[in-house]
Amino acid sequence: MKKILFYTICLIISGLQAQDVTIPWSSSYKLSWNDFKGPIDENSEAVATTASGITFGYSLKMKGQSVEGFTTTVKTYFYPEKSWYKPKQVDENVLAHEQFHFNITELFARKFRKEIAGLKVSNTIKESLNTLHKRINKDLAAMQKRYDAETNYSINKALQNKWQLFIAEELDKLKPYSH
């Protein structure tokens with residue numbers, strides 16, 4: 001039985017360091033096995049691992065002790081050096097499964113952007129943003145686990161197809177919150 005594990009790297013940063021190798025999410029870019037460059041965990045039952053995450057940063061416009069405005073940056077990235085696969089045990093179905101882990105991460109970045117757009121400027125905006133970020137990452141992790149469980153790590157092709165359709169529809173609904 002093939003198993004694919006997923007993990008999310010949740011980074012709270014205002015900018016990426018130059019040495020970080022990342023692939024930004026794009027509807028036109030599809031992952032290939034060449035993107036998975038991390039060291040293989042030979043002891044793992046998993047045949048592939050996708051590392052993706054949401055980066056988040058914000059700045060506040062202050063006047064004295066009062067917050068007058070804020071800006072945010074929310075991006076979705078794939079981390080090649082932390083993603084890996086076992087070449088003799090994977091196929092295109094597994095790659096499609098991994099792509100949708102990345103797509104689910106983008107879905108939650110869009111949900112995050114949408115919720116940020118609804119926030120009101122206040123002196124507690126920093127706390128509100130951080131609380132929202134934590135909740136989004138918790139919800140993201142729960143959906144990633146559910147996706148693996150329901151698709152049996154890509155083995156159940158019917159449910160894999162159902163999930164792919166669902167995620168594509170959800171991304172489309174939140175298109176106004178894409179970059």
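1. Let's start with helices α1 and α3, whose crossing is left-handed. Please keep in mind that this is a predicted model. The axes of α1 and α3 come within 10 Å, and the angle between them is roughly 30 degrees. Angles under 35 degrees count as roughly parallel, so α1 is roughly parallel to α3.

2. Which residues of α1 and α3 meet? From α1 they are Asn93, Ala96, His97, Phe100, Asn103, Ile104, Glu106, Leu107 and Arg110. On the α3 side they are Lys157, Gln160, Trp163, Gln164, Ile167, Ala168, Glu170, Leu171 and Asp172. Sorted by class, the contact of α1 with α3 has eight nonpolar, five polar and five charged residues.

3. Next come α1, which spans residues 92-117, and α2, which spans residues 125-151. Their axes come within 10 Å and cross at roughly 150 degrees. With angles over 145 degrees counted as roughly antiparallel, α1 is therefore roughly antiparallel to α2. The crossing of α1 past α2 is right-handed.

4. By class, the contact of α1 with α2 holds 13 nonpolar, six polar and five charged residues.

5. How do α2 and α3 pack? Their axes are 8 Å apart, at an angle of about 150 degrees. By the cut-off of 145 degrees, α2 and α3 are therefore roughly antiparallel to each other. Their crossing is right-handed.

6. In the contact of α2 with α3, the α2 residues are Met143, Arg146, Tyr147, Glu150 and Thr151. They meet Leu159, Gln160, Trp163, Phe166 and Ile167 of α3. This contact divides into six nonpolar, two polar and two charged residues.

7. Some residues turn up in two of these contacts.

8. Finally, a look at the largest pocket, which holds about 330 Å³ of space. It is lined by 19 residues, and those closest to its centre are Trp25, Ser26, Ser27, Glu106 and Arg110. The elements giving two or more residues to the lining are β5 (66-78), α1 and α3 (157-173). Which of the elements gives the largest share of this lining? That is α1, with five residues. By class, the lining has six nonpolar, six polar and seven charged residues.

Key. Residues are numbered from 1 along each chain as its sequence is written. This is a predicted model: local features need pLDDT of at least 70, side-chain atom pairs count only at pLDDT 80 or more; totals for chains, interfaces and linings use all residues. Side-chain values use heavy atoms; hydrogens and water are left out. Axes are lines fitted to C-alpha atoms, for helices over the stretch in contact, and angles run from 0 to 180 degrees between N-to-C directions. Helices (H or I, at least four residues) and strands (E, at least two) are DSSP runs, numbered from the N terminus. Angles under 35 degrees count as roughly parallel, over 145 as roughly antiparallel, 65 to 115 as roughly perpendicular and the rest as oblique. A crossing is left-handed if the near helix is turned anticlockwise from the far one by less than a right angle, and right-handed if clockwise. Ala, Val, Leu, Ile, Met, Phe, Trp, Tyr, Cys and Pro count as nonpolar, Asp, Glu, Lys and Arg as charged, and the others, Gly among them, as polar. On a 1 Å grid over the protein atoms alone, a cavity is a set of points where a 1.4 Å probe fits but cannot get out, and a pocket is an open set with protein on both sides within 12 Å along at least five of seven lines; lining residues have an atom within 4 Å of a point. Grid points are joined across faces, edges and corners, and a volume is the space filled by probe spheres set on the points. Contact means heavy atoms within 4.5 Å.
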